[in-house]
Amino acid sequence: MNKIKHGLLLLYIPLLTSLSAVDAAEPVTEPPPSGVEQAHAELWRRFVDSYGIIHDFVGDLPTPEDCRLGKPNAIGWWSPIEDGPMFTGLYLPAICERARRTGNPVDKEQARRLAGGLMKCASVSEVPGMIVRGVGTDGVCHYPLGSDDQTHPWFYGLHAYVMSDLPTTDERREIVAKMKTVANVLESTGWRCPGDCAFKGQFRGGYTGHLFRDAVRYLYLLRAMYDVTGEQIWLDRYQAAQAAIPEHATKSRAEICAEGYARDREAIRHIDTHQLWIYVGTQASLAQLVALETDEKLRALYRTGLKLNATQALVSLKDYQKFDNQDTKVFGNADWRAVYNTWFPQKTQADAERLARTGDKTRRGERKSYEQAWMQNPLAAAAIVALADDGSQRDLIEAAINHYDYSKLNMATFFFAECAVYALPETK
């Protein structure tokens, strides 16, 4: 009351009849957080588990029995732990950059937690070099099949972390040792990703093929290992690999990098509308190759691919406008046990893929595919553009990020919003 009277006297208003109106005015509130801050809060509130591993969505975790039998399938597709190291590994560099910019102890601790999650993904299998997709209810159980899509981001995230000033000396030493162990196993397998349990001795995916994704990721893995170890053998392998022509190709890997993801369109369908999320890591790795390479001819090839991808992804980025925050489609996937209620023993990977194609479409609903098309793909495109951008597309990227109400999203892939923001040049 004293403050109000003082204000009235200063304004020379003799009457106090307006006092009741002042008292009844709505209190001043803080402005709503920016899109990226809301995304950050929602991701950490709902999707990052106690180990520091990002879940695909909120739902019951698989039990040891689920993992042993392969429910909903032996690959772990459609479970909450389908993409743990992929999502965590792609996200960690963004949080390392966030922590560098803010200096906030909370951000630094979150980066450490994510790094710990990635280390756990490499530590629960008895098969050397196996990067599991995540862990179930007991903190150990896991599906027997990982993949190249999980293993490459595992390296990408830990590479960024150990090259930052965040880890302690002991922590850095431990992580680099684990990276060397996994990389040496992959080298011994021809850069194929090993399976576990019933699929022990088998592999799921690799890096030496002839596609754009193959070339970029393989070169990045070799060059990153040189970066973290300083061991000449990794640089020698990288230099040999970039000049080599993969089987079924007519160009060297470095030349393939210059073609961008357009090269893969025949092999991987619907890249521009549905699959950009699996190219964020490739684009990020290509950006790293540009940064780490000293040969200007090679850098020019890498930069060409980087820019081509960004130009092509711009079209998909603009699709953010098609997402309606008031949409009420059913996200039945949260109850994955009810949706994927058929099961049979899986003796082969083909069996597991066949089982993964079953499911109750009515219970599943349409919300997951809606989010994938109009949230996941545009935000993945935003990250791809940002990784090659000098800031010229900042307004469009920020418009996309600020479009979504992240509290209403079911899929964790909105973390691509932070990947995009922290890939853009820092504003002065």
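User: Is S79 buried or exposed?

Analyst: Buried means under 20% relative accessible area, exposed over 50% and partly exposed in between, with a 1.4 Å probe and protein chains only. S79 has a relative accessible area of 0%, and is therefore buried. This is a predicted model, in which local features need pLDDT of at least 70 and side-chain atom pairs count only at pLDDT 80 or more, whereas totals for chains, interfaces and linings use all residues. Residues are numbered from 1 along each chain as its sequence is written, and side-chain values use heavy atoms, with hydrogens and water left out.

User: What does S79 touch?

Analyst: With contact meaning heavy atoms within 4.5 Å, S79 touches D56, F57, P72 and Y143, not counting residues up to four places away in sequence.

User: Which residues have the most contacts inside the largest nonpolar core?

Analyst: In soluble globular proteins, nonpolar side chains tend to be buried together. A nonpolar core is a set of buried Ala, Val, Leu, Ile, Met, Phe, Trp, Tyr and Cys residues joined through side-chain atoms within 4.5 Å. Here the largest one has 126 residues, and L43 and Y302 have the most contacts inside it. Helix α9, residues 212-229, gives the most to this core, with 11 residues. A second, separate core of 5 residues includes A74, I75, L145 and A352.

User: What does Y302 touch?

Analyst: Leaving out residues up to four places away in sequence, the residues that Y302 touches include L219, Y238, C257 and E293.

Methods: Helix = DSSP H or I, 4+ residues; strand = E, 2+ residues; numbered from the N terminus.
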